[in-house]
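User: I'm new to reading protein models. Could you walk me through some features, one at a time?

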Amino acid sequence: MSKGKFIVLEGIEGAGKSKQSRILTDTLVNRGVDAVCTREPGGAPLGEALRSLILSPDYDPDAISELYMYLAARRDHLLNVILPAVEQGKTVICDRFTYSTVAYQGYGRGLDIDFVRRANAMTIAPLEIDLGILIDITPEEGFARKGGADKSDRLERENAEFFERVYKGFKTMADAGELVAIDGSGTKEQTAEKILSEVLRIL
Ligand code: TMP
């Protein structure tokens, strides 16, 4: 059996990744594709437990501890959910992945970008990402859509400069051709159509 594709949706808070991941998965399933939807941090029992620790405002990990928590959640998710699904020929749609780590822990927190990239590469081996899509909206638009930051989420308590750096990180990856950027400022339906057309190119 041939392997399934692994597709990642990325973007800033409020870009609509989670909604678009579900829409894309449903659309593919309706077209007869064996597709599943998952998310990071989380996606598997240990990963989801780590997610609540990572995002809890009760703790204050430094940038390196935070990086390792995301990576631990990712490795668990990879081994228990992503690789088995891809091996079974399923198309996996993932809401955030390694690009978020480069954007948030690299550009946002200021960790060395090459170090973050190497750590990501070790964590996800032997998986290959078939397509990464950036749903491009600015942090201002994203937080306006969300109706402001969710203060129960430790990451969302960060200041505007942090999210500007994260956004710049995503844009840099798109400019380098690592991520395909699509304009996310239109309606939900318009964005879904743009995402689908990029995905159909690789299926
Ligand atoms: P979510 O709320 O979009 O699911 O993501 C949770 C938060 O975790 C979000 O602020 C982005 C952040 N994040 C990182 O900082 N590094 C990562 O590697 C991932 C996957 C998410």
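User: Let's start with a pair of helices. At roughly what angle do the axes of helix 4 and helix 7 cross?

Analyst: Keep in mind that this is a predicted model. The axes of helix 4 (residues 98–108) and helix 7 (residues 160–175) cross at roughly 130° and come within 8 Å. That angle makes helix 4 oblique to helix 7. The crossing is right-handed.

User: Which residues meet where helix 4 and helix 7 touch?

Analyst: From helix 4, the residues include Tyr99, Val102, Ala103 and Tyr107. Their partners in helix 7 include Phe162, Val166, Gly169 and Phe170.

User: Now helix 1. Which of its residues are buried?

Analyst: Start with the general idea: an α-helix has 3.6 residues a turn, so residues three or four places apart point the same way. In helix 1, the buried residues are Lys17, Gln20, Ser21, Leu24, Thr25 and Leu28. Seen down the axis of helix 1, they fall within an arc of 135°, so they line one face.

User: What covers those buried residues of helix 1?

Analyst: The cover includes strand 1 (6–10), strand 2 (35–39), strand 3 (91–95), strand 4 (131–136) and helix 8 (188–202). Just after helix 1, look for Gly32, which takes a positive phi of about 90°.

Conventions. Residues numbered from 1 in each chain as written. Predicted model: local features only at pLDDT ≥ 70, side-chain atom pairs only at ≥ 80, totals over all residues. Heavy atoms only, no water. Buried < 20%, exposed > 50% of the residue type's maximum accessible area, 1.4 Å probe, protein only. Helix = DSSP H or I, 4+ residues; strand = E, 2+ residues; numbered from the N terminus. Arc of directions from axis to C-beta. Contact = heavy atoms within 4.5 Å. Axes fitted to C-alpha atoms, helices over the stretch in contact; angles between N-to-C directions. Parallel < 35°, antiparallel > 145°, perpendicular 65-115°, else oblique. Left-handed = near helix turned anticlockwise from the far one by under 90°.
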